[in-house]
Amino acid sequence: MEPDENRLLQEIAFLVDRSDINEEIVRLGSHLGQIQALLTGSKPADGRRFDFLIQELHREVNTIGSKTTDLETVQAVVRMKSEIGKLKEQAQNIE
């Protein structure tokens, strides 16, 4: 019995779509830009907004980690999680 070619193509398309991390990378860049604007803006940084953005960074990094099997990317995810943890600690000092 030969595999159903259409079904095989659908599964391949699903796997390719599932492993695409471009959207998460774009959102990471946006969140980082917003954090930079908070830290360099003329107004005092809002701790709640900062905390929210850090949570969003963590979410995007977790999603990237769950989508990839590439060793280099997995190692980058581990490093990013460590740095996000440091940001979270610092954010607790912002009122």
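Of the 95 residues of the protein chain, 21% count as buried, where buried means under 20% relative accessible area, exposed over 50%, and partly exposed in between, with a 1.4 Å probe and protein chains only. The model is a predicted one, in which local features need pLDDT of at least 70 and side-chain atom pairs count only at pLDDT 80 or more, whereas totals for chains, interfaces and linings use all residues. Residues are numbered from 1 along each chain as its sequence is written, and side-chain values use heavy atoms, with hydrogens and water left out.

The protein chain contains 4 helices and 0 strands, helices (H or I, at least four residues) and strands (E, at least two) being DSSP runs numbered from the N terminus; along the sequence the pattern reads α-α-α-α. The C-alpha trace spans about 65 × 20 × 15 Å along its principal axes. The radius of gyration of the protein chain is 18 Å, whereas a compact globule of 95 residues would have one near 12 Å, the value being taken over C-alpha atoms and the globule rule being 2.2 Å times the number of residues to the power 0.38. Among contacts (heavy atoms within 4.5 Å) with a separation of 6 or more, 64% join residues 24 or more positions apart.

Helix H2 (residues 22–40) has 19 residues and reaches 27 Å from its first C-alpha to its last, close to the 27 Å expected at 1.5 Å a residue, the expected span being 1.5 Å times one less than the number of residues. Its buried residues are Glu24, Leu28, His31, Ile35 and Leu38. These cover an arc of only 85° around the axis, and therefore lie on the same side of H2, the arc being that of the directions from the helix axis to the C-beta atoms. The cover over these buried residues includes H3 and helix H4 (71–91), while the face of H2 turned away from the buried side carries the exposed residues Asn22, Val26, Gln36 and Thr40.

For helix H3 (residues 47–67), the 21 residues should span 30 Å at 1.5 Å a residue, which agrees with the 30 Å between its end C-alpha atoms. At the start of H3, a side-chain oxygen of Asp46 reaches to within 3.1 Å of the backbone nitrogen of Arg48. The buried residues of H3 include Phe50, Leu53, Ile54, Leu57, Val61 and Ile64, and also Glu56, Glu60 and Lys67.

In helix H4 lies Gly85, which is partly exposed, with a relative accessible area of 29%. The C-alpha atoms of Gly85 and Gln55, 30 residues apart along the chain, are separated by 9.9 Å.

Conventions: A polar contact is a pair of N or O atoms within 3.5 Å; within protein, one must be able to donate a hydrogen and the other to accept it, and residues adjacent in sequence count only if both atoms are side-chain atoms.
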